[in-house]
Amino acid sequence: MKKQNSLLLFISVLLITFSACKKDDEQSGGTGSNTSTGSAKIIFNNMAGSVPLNVAGDSVYTNSSGETFTVTALRYYVSNFSFVKDDGTVVTLPADYYLIDQSGKTGFKRTISGLPVGSYKGVRFLIGVDSAKTVQGAQTGDLDPSNGMVWDWNTGYIFVKLEGNSPVAGTIDSTYQYHISGYKTSNNTYALHWADISFGSQPLVITTTTLPQLNLKTDILEFFRNPYDLSIVDNPVVTASGTTAVSISNNYADMFSFDHIQN
Amino acid sequence: MSKNLYFCLTIVFAFAFLSSCKKSDDETTETPKPLFYVPDGFPAPSGQLQNNPVTTAGFTLGRKLFYDPVLSKDSTVHCGTCHQQFGAFAQVDHKVSHGINNLLGTRNSPTLINLAWHSEFFWDGGSNHIEVQPIGPITNPVEMDETLNGVIAKLNRSTFYPAMFRSAYGSDTITSQGILRALSQFMSCLISANSKYDQVRNGQTTFTATEDSGYTIFKSKCASCHKEPLLTDLSYRNNGLDAHFTDPGRARITTLAADSGKFKVPTLRNIVLSYPYMHDGRLSSISKVIDHYRSTIVQSSTIDPLLSSGNMSISDAEKAQLIAFLNTLTDQTFITDKRFSEQ
């Protein structure tokens, strides 16, 4: 018992010593000598083609299969942000997770902090929640399972949820339901994609005092096309992982695009 | 001076020695066990308690929630309804789970035993963490049919839950994470490791001749799937119940046809208590389970390779010996431990 205690003490001292060393390393390394940081606001403007998306179910849209539909819910996770500096350096931020919900409590405008001061030409983020986080048990905040973006029977976060009505759905109340997920790399169920977005000629300028706004567009018409023509009459409900979910995820992988920046 | 120092040191060492002796004496007579511990001879736990260390307050909150019907939509059903302590936390004599409004589930309630050594849950392994596992039964329309937000709202109206959350987590705020982590603390502490089988392993007692013969049969015919000491290898297998699968089992999770009809190998600990058996509760007794393995194994494309050569050869005498051994897996301490009971 005594021996174990002193061994524990010894290990603790070692750990403390090493962690102290590590801290020094991090401070001297990292993003260079200029460690001052600022924030940016990212705004996800949900669109149906060229018009702003109505998620109250009041507007009728047409997909690439010629089917009309309305939208009553659009919610998605974006996570693991990194930003590309003008010189090509990639600044990877800690793995944060954001539930984008136009009509819900988490909203569609999110402030990202901890960005080193400088000029940026692009952003990269994961559409969904990575496997590492998915296997860590009950979470809080945007990942709180009470947000209704989880599967309980086959653990995982719903990456993108799109719901609404369509006269061709053939279901009760003519509703269609798409809950797309799949974090396991095996068995053709992997539905995670990165969005890579270039800001073109408009730089995002991060300072310690300003809050520039990065406006992105999320076009839900892309959910239904390229490369897979998603037909509501054929697939009114997709709420499990598998080949159809993967095909839909290949569609929405490019639904995000750059709109404009207000520095 | 140095003589005094040596004298002092000797005294100190003597005390240290004596006190360490005393401690080990205490340990051998110590009862009951701590809430969470790793029994002798057990492998390392899954590690899912890593961010959720067991505390008395957390365990107590978890137990309160486990036995509280407010977790169900109409406040009629609690976790203990389908997981009864006297049945090793399975639902005795019910083929499939009974939820609110007399709704039936599709699968037999599994036992809750040594779950800290599991990293996947449900018959098909669909849940990947002990903390999120309770979301399944709480929200399933034919089980408790409640929402996490509904539970939080009801707990917030209670006169005692906010204080219990404060004791467990330092804050009155009731969160889904707090609920789920408390439940997982309670479930992780449902440790069964004091059956006669365990006592024999620890050298405290010996098997009778019949039990010992049964143990030998067990080791040659059962232990490759019901691996010691957990008495499950935690894998998914098709044990030859059907040729066609009304329940896809593991394939529901993996989407692979090769996993059709496969279910998680259940532990054999306390097995005689947790009847009926199989994922759908179709076999009502241990006797019928052994009869299945010796006479009704059905071949199919996903049959387990260990059963692909057909029925096992088990004589009536061997069957009786095997049943005698399976009875040594019953842990009276576990099913009578007041700490695990509704308070």
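Predicted model: local features only at pLDDT ≥ 70, side-chain atom pairs only at ≥ 80, totals over all residues.
Two residues are taken to be in contact when their C-beta atoms, placed from the backbone, lie within 7 Å. Among the contacts in chain B that link residues at least 6 apart in sequence, 68% join residues at least 24 apart.

The overall make-up of chain B comes next. Its secondary structure consists of 13 helices and two strands. Along the principal axes, the C-alpha atoms of chain B fill a box of roughly 85 × 55 × 35 Å. Of the 343 residues in chain B, 40% are buried.

Helix 9 of chain B, spanning residues 209-221, packs against helix 12 of chain B, spanning residues 316-327, with the axes 7 Å apart and at an angle of about 100°. Because angles of 65 to 115 degrees count as roughly perpendicular, helix 9 of chain B is described as roughly perpendicular to helix 12 of chain B. On the helix 9 side, the contact is made by B:T210, B:E211, B:S213, B:G214, B:Y215, B:I217 and B:F218, while helix 12 of chain B contributes B:E318, B:Q321, B:L322, B:A324 and B:F325. Sorted by class, this contact between the two helices of chain B has six nonpolar, four polar and two charged residues.

Finally, the two chains can be viewed together. The contact between them draws 20 residues from chain A and 26 residues from chain B. On the side of chain A that touches chain B, there are six nonpolar, eleven polar and three charged residues.

Note on methods
Residues numbered from 1 in each chain as written. Chains lettered and ligands numbered in written order. Nonpolar A, V, L, I, M, F, W, Y, C, P; charged D, E, K, R; others polar. Axes fitted to C-alpha atoms, helices over the stretch in contact; angles between N-to-C directions. Helix = DSSP H or I, 4+ residues; strand = E, 2+ residues; numbered from the N terminus. Parallel < 35°, antiparallel > 145°, perpendicular 65-115°, else oblique. Buried ≥ 20, exposed ≤ 12 C-beta atoms within 10 Å, placed from the backbone.
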